[in-house]
Amino acid sequence: MAWGADDVPFVGRRDQLRVLHESLRRVERGDTAAVFVMGESGIGKTRLLSAASDRLRTAGALVLTGACLDIGDSSPLHPLRQALRRYRPEPGHSGAVASAAARDLLAVLDGDARDPDGAGAVLERVSRGLGGVAAGRTLVLAVDDLQWADLTTRHLLLYLIAGLSDVRLLLLAAARSETLQADDPIRRMVLELRRSRARSGAVHVLELTPLDRAETAELVAEVVGGPPDPELAESVWRRSGGVPFVAEELARDARDGRVGLSETLREITLAHVDALPADAQLVSHAVAAGVEPVAHDLLAGVVQLAEDRLLQAVRDAVGQRVLLSEPDGYRFRYPLIREVLQPRLLPGERTRWHRRYAETLAAVPSGDLQHARLAYHWREAGETTRALPAVVAAAEEAERLYGFAEAFEHWASAVDLANQVPPAWLMEFDVTTLGRRAAEAAHRSGEHERALALLEQLATNLFGPPPSWLYTLRARYLTAVGQLAAAEREYDRTLAAADVAPSERVAAAAHSADLLLQLCRYADAGRRAREALDLAAGVPDAASAMVLAGVTLGYSQAYLNDPAAGKEAVREARRTAESFGGPEDVAVADLQLAELLSGPLNELEDGVAVARQGAERAERVGLARTYGTRLLSVAANGLFRLGRWAEAEELIAAALRHRPSGADAVELLLARCRIHVGFGRLDGAEADLEAIETLLAAGGGVRYMLPLLTLRAGLAMWRGRHREARDAVGQGIDLAESRSDDVWLQAPLVWHGLRAEAEARSAGAPPCPKVVQRLVGVVERMERSSTTDTAAPVRDAVIGYRELCAAEISRIDGRSDPALWDRAAQVWERRSHPYPAAYARLRQAEALYAIRTRNAEATRALQSAYRTARRLGARPFTEEIQALAKRARIALHPGESEPLPEVDSQEPVTLRAGLTSPPSVGDRVARALGNERSGRSSVTERTSRTLSPRTADELAVLTDRERQVLELVAEGRTNRATAEALFISERTVGVHVSNILNKLQVKTRVEATRVFMRNQPRA
C-alpha cells in the first residue's frame, strides 16, 4: 500500500536501533557496514530511518538522506542528488569546506552521471566527492524506498559497501518487501551482500514486524496525548494488526471524535485491493463475506473458480499482503481490510455470497462451529426458515462447548427469528422455550440485566398467569444483580403457590436457601436447605438443587454450631457436584467452600487455595465472568487478611479483565476498595465506593451494605471526617438490627464506630456519648449472641473485635490502656491477621509512651507495628507510626530511612495521630483543583520539617522539642493537649512555652504563633 509519510511518533524498535549503533561503531573502527530495513508498507521503515539518522547525527556522524523514485533509470543517482541538496553543513571552516565539496559533487552529478569514460570512472569521482563532503568524519548514507533504485545507484552502493573508496561509510537503506519479487535486482543484491559478508557481520537485514500490544498502546498514547482507554488501545491493536501507520490513523480518528474509518485509510485500503488481479479481487470479496478463517474447500465451493485459477488468485492476494494463508484457512492480514470491503459489497452481491456459503456448508458439513457459520449465512441471505434451526443448533453447540456468551447471542437471535417465521414452524420451536433458554444463557454469561429484560418480554407475551418458573428465574437474576429483598419476595411467591411442579419447587427452595445465606440469616438458610433436600427425595434430575441445598446447609451448620460437620457437608456436596452435576454446580460448591474457609472459619490458606483452583476451573468451563470473578474476590479477601496485599491486588486485576457485572462486580469492588484504603489510595477507594453504591441503588442486603459502610467509615477516618464515619457506622447498625444478626459482619463495623469516636477525641473533637453508649450495647449483644448462636471460629473473631472495642473505649475515656491493646494484639496475632494486630501494637505503644514508665516495651511494640506496616505496604499506617516515633524520639528500625513503596495516590494522606487536624475547606478546594502542594502536608512531612534545621533566623534559636511544642501551640492546643501528644508532663510543656517566649522575645502565645506562621515555607 502507498502509505502516507506522516510523522508517526516513534515507539519500540529498540533491538533494531541497537544493531544500527553497533554498525556505526564498526564503521568508526575503519570498516564499512550496511543495514537494510525490510518490511511492508506502513510498518515504520521510514520512521526508523529518520529516528536512526537523528541518533547517529547526535553521535557525531555526518548523515545524508535521500529517497529513490519510481521512474526507473531515467534519473540516475537521484537519492544522492537529493541528499546533497538537503545537506546543511555546520558553521565554521570545516563546514564551509564540506559545503564546497557538496556543491562540486552535485555539479558533477547534474552535468551527466553517465560518464563517457565508463561506470567505474563515475563511481570513482562520486566516491572522491563523498570523501570531500565527509572530510574525515563517519558518513551515514540513508536511502529510503530502495526498491526503486536505478542501476547507477545500485552500482554506487555496491562500490561503497565493498570498501573500494576511502570513505568510512554506514549505509542505511529501506525497501518495501511486498514489491521485491524473487528476481528483483534489489532482492538479489541484498541476498548476495548478506551471503558474502555474513561472517564479518558488516551487512544486516532487519525485517520489521508489527508492533506488539504494549507498543501499540504506547503509540496510541502518543497520538491521543495521554494514557488511552484500555478498550481503545485494544481495539486499535486488534484492527491495525500492529502496523504503525494504521494504528496512528485509528488513534487519530478516536482522538478527533471521528466515527468509522478515516477517508485516508479507506482509500488506501481500497486502492491496494483494487490493484489486485480480477480473480484475486473476487477471492478477497468472497472472504469478506465469510467467517474467518475460510477453509480452502469452502472457498472453492463459494467462488466457483477452476482450481488453478483459484490457487493463483489466492497466491496473488497473499503475495500482496491482503490475505494470510494459515493451516485452518484464509483470513485478512489486517481486520481493517474486512472493515473496508464488507460495506463495499452491493446488497445483491452480499446476499449471493451468503447463500453460496450456506449451500456449500450444508452440502459438505465439516469444521468447527459448523452450525454457527451456517446460521450466520442463512440469516444474512434472508432465509429465515432455514436460519432458525441452524441458530438453535449453534446455541446448543455453544453451550456444549461452555461458550455461554456465544450461546446467549444465538438464543436471542433465535427468539427474533421465531417472531418472523410462519406460525407452522412454531410447533417445533416454541418462542417461550427459546426465550427461557436465552435468558438462562444471558445469566450464565454475566448479562444479568439482559436476562431480566428477556423475562419481562416473555411475561408480556404469555397468555394467562405467569408460570412459577418465571418467578424462580426472576428471583435468581435479581439475586445476581444484588436486589436481594426483591428476590426473596419472588421465591416466597413460588413456594406459596399450590400448582408448582415438584422439580420447580425443589429448585425454588434450594435457591431460596442460598439467598437467605447471602442475607446472613444462617438459621433460616439451614432450615430452608433441609426443606429443599427433603423435597428432592424422589424427584428426578434434582442434582443441581441438592448440591446447592447441601452447600448451604453445610455453611449454616459450620457458622452456627459445628464447623467440622458443616465443612464436611460442603465438601460432600462438592463431591456430588463433581460426580452428578454440571459446571455451575461445581462452581457453586467451590465458592461456598472457599467463602467458608477464608471467612468465618479463618482457615485462610486453605480458603485461598480452594478459591484459586475454583476460579481456574470456572474459567475453563466458560464461567469466568460470574463464578470465576466471585472466587477471585474471595481469594483476594483471604490474601488481604493474611497481609499479602500485593498478591491480592494482582488477583483483583485478573478478575477485572472478566468485566463482571451486578453482585459479582460489587464483591470485586469491595475487595479492591480494601486494598486501596490499606495502601492509602484514598481517591481510588472513594471511586470504588461510589461505584458500589450505584450498583446497589435498587437495594442490597447486609452482605454488601455492612462491608460497604465499614469501608466508608474507615475512609472517612483516614481523611479526618469523623462525623461522616459516625454516620456510616450508625447507618450500618440500623441495617443490621433490622435485617440480620450476623455478628461476623457487624463486629468490624462496631469497632470502626468506636475507633471513629476515639479518633475524634484525639483530633480535639468530643466523642458523642449517645453513640458510644449505643455501640457499647451492640458489643455486649454481639458477645452474648456469639456465645450461644455461633461456632467457635466465629466467636474467636468476635472476641478479637471485642478486645479492640474495649481498648478503643479506654482511648475514648482518655486513659488508653496498654494492657487492653496488648491483649487485642495477641488475639489477632494468633488468628494470623497482621493488620489489626499491628494497629493494636501501635496503640499499645502510644498508651505506654503516655505513662512514660515503660518506654522499652513501648518501643518494641511500635517497632513490631512498623515492620508489619512496611511489609504490607500500608503507607498511611506507616506514616502514622513514623509520626508517633518522632514525637516519642525513638528510632524505629535500621532500615527506617528507606523510602516507602510507591502507591498510586492522587492526594496527600491526612493522618490523625497527635499533630494532625482535619483538612480545611481550603485544603479540599486546592486538592480538587489539582494543586497538591497547596494542601495540608502529611504528619511525616510536617514533623520532619519541624525537626530539621531551619534557615529562618527567628526559629533558629529554638531546640527541636521547642519547635514541636510551638507547632502545637500554633494549632491552638492547650498545655494538657500538647503534653498528651508529646508524651511529656504538663509542667514540662509550661517550661518549654516559657523558654519559647523568652527566646523569641515575645510576651504571649499569640505573638509566638505569629512568629511561627511567618517562618513557615510558602507553597
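The following legends describe close-up views of a predicted model.

**View A. The largest nonpolar core of the model**. This core comprises 260 residues, of which Leu299, Leu862 and Phe877 touch the most other members. Helix α34, spanning residues 702–718, gives the most to the core, contributing 12 residues. A second, separate core contains 44 residues, including Leu62, Leu84, Ile161 and Leu193.

**View B. The surroundings of phenylalanine 877**. With neighbours within four places in sequence left aside, phenylalanine 877 is in contact with Trp718, Tyr835, Ala838, Tyr839, Leu842 and Ala869.

**View C. The packing of helices α33 and α34**. The axes of α33 (residues 682–695) and α34 lie 11 Å apart and form an angle of about 150°. The two helices are therefore roughly antiparallel to each other, since an angle over 145 degrees is counted in this way. The crossing of α33 past α34 is left-handed. On α33, the contact is made by Leu682, Ala685, Glu686, Leu689, Glu690, Ile692 and Glu693, and on α34 by Leu708, Leu711, Arg712, Leu715 and Trp718. Of the residues in this contact, 8 are nonpolar and 4 are charged, with no polar residues.

**View D. Histidine 658 in a loop between two helices**. Histidine 658 is located in the loop that lies between α31 (645–656) and α32 (662–679). The relative accessible area of histidine 658 is 18%, so this residue counts as buried, the limit being under 20%. Apart from neighbours within four places in sequence, histidine 658 is in contact with Glu619, Ala624, Arg625, Thr629 and Leu632.

Terms used:
Residues are numbered from 1 along each chain as its sequence is written. This is a predicted model: local features need pLDDT of at least 70, side-chain atom pairs count only at pLDDT 80 or more; totals for chains, interfaces and linings use all residues. Side-chain values use heavy atoms; hydrogens and water are left out. A nonpolar core is a set of buried Ala, Val, Leu, Ile, Met, Phe, Trp, Tyr and Cys residues joined through side-chain atoms within 4.5 Å. Buried means under 20% relative accessible area, exposed over 50%, partly exposed in between (1.4 Å probe, protein chains only). Helices (H or I, at least four residues) and strands (E, at least two) are DSSP runs, numbered from the N terminus. Contact means heavy atoms within 4.5 Å. Axes are lines fitted to C-alpha atoms, for helices over the stretch in contact, and angles run from 0 to 180 degrees between N-to-C directions. Angles under 35 degrees count as roughly parallel, over 145 as roughly antiparallel, 65 to 115 as roughly perpendicular and the rest as oblique. A crossing is left-handed if the near helix is turned anticlockwise from the far one by less than a right angle, and right-handed if clockwise. Ala, Val, Leu, Ile, Met, Phe, Trp, Tyr, Cys and Pro count as nonpolar, Asp, Glu, Lys and Arg as charged, and the others, Gly among them, as polar.
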